[in-house]
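Student: Can you walk me through this model? I'd like to go piece by piece.

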Amino acid sequence: MQYIKEFYSTMKERNNRLTAVKEIIKNNRIDSQDTLLELLAKEGYNVTQATLSRDLKMLKVGKISDGWSGYYYALPDKDLISESEKSYIQDVRRGILSIEFSGNFGVVKTRPGHANSVCFALDVLGLPEILGTLAGDDTIFLILREGMTKEDLLESFNSRIPEIKE
């Protein structure tokens, strides 16, 4: 029980830190991780450079040129994220032929050679029902999270990728 409490506490702290990173980048011109680490420390978040690098990657933060004196961190444009997501959705639509379930396990049949791209797209889309995926050439082994059902996954598909049917 203590482990679960610690896990949720860590996740809450991480989410709060990620929110702080976004706010700092939105409101300041940050040109280095050292500067960002200093501002995070002022907010009460003492993290290592490695942790900050993982946070920046998770948030899809990039460095962009200011045109004259260097580069600074910027959050991704919402339209770019949605365009990227559209691309992954297209990969799923193009590749999936059928889905069958047995309990929390699913087998997704894809067009030959499409399993890796569909599997990667499903992982990137981060559907909450999916615990993990494993791709072959034309087949994906899919594991649903505990308590999730194929109906939950199909409902998620219906809202994000409407063309996918069982």
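Tutor: Here is a short tour, by question and answer. This is a predicted model, where local features need pLDDT of at least 70, side-chain atom pairs count only at pLDDT 80 or more, and totals for chains, interfaces and linings use all residues. Residues are numbered from 1 along each chain as its sequence is written, and side-chain values use heavy atoms, with hydrogens and water left out.

Student: Start with Arg 17. Buried or exposed?

Tutor: Buried, at a relative accessible area of 8%. Buried means under 20% relative accessible area, exposed over 50%, partly exposed in between (1.4 Å probe, protein chains only).

Student: Which helix is Arg 17 found in?

Tutor: Helix H1, residues 2–27. Helices (H or I, at least four residues) and strands (E, at least two) are DSSP runs, numbered from the N terminus.

Student: And what does Arg 17 touch?

Tutor: Leu 40, Tyr 45, Val 47, Thr 51 and Asp 55, leaving aside residues up to four places away in sequence. Contact means heavy atoms within 4.5 Å.

Student: New topic. What is the phi of Lys 60 near?

Tutor: Near 60°, a positive value in a residue other than glycine. Most residues other than glycine have a negative phi. Lys 60 sits in the loop between helix H3 (49–58) and strand S1 (62–65). Lys 60 counts as exposed, at 55% relative accessibility.

Student: Now the sheet of four strands. What order?

Tutor: S3-S4-S6-S5, an open sheet with antiparallel pairing. S3 (96–102) and S5 (130–135) stand at the edges; each has a single partner strand, so one side of each lacks a neighbour in the sheet. Neighbouring strands are turned by 20° against each other on average, direction ignored. Two strands pair if DSSP finds at least two bridges between them.

Student: How many bridges join S5 and S6?

Tutor: Five, in the antiparallel sense, with S6 covering residues 139–144. Thr 133 stands opposite Leu 142 in S6.

Student: What lies across S3, S4, S5 and S6?

Tutor: Helix H5, residues 115–125, running at about 165° to S5. Axes are lines fitted to C-alpha atoms, for helices over the stretch in contact, and angles run from 0 to 180 degrees between N-to-C directions.

Student: Last one, H6. Which residues are buried?

Tutor: In H6 (residues 150–160), Leu 153, Leu 154, Ser 156 and Phe 157 are buried. They fall within an arc of 155° seen down the axis, so they line one face of the helix. That arc is of the directions from the helix axis to the C-beta atoms.

Student: What covers them?

Tutor: The cover includes S3, H5, S5 and S6. Glu 155 and Ser 159 are exposed, on the face of H6 turned away from its buried side.
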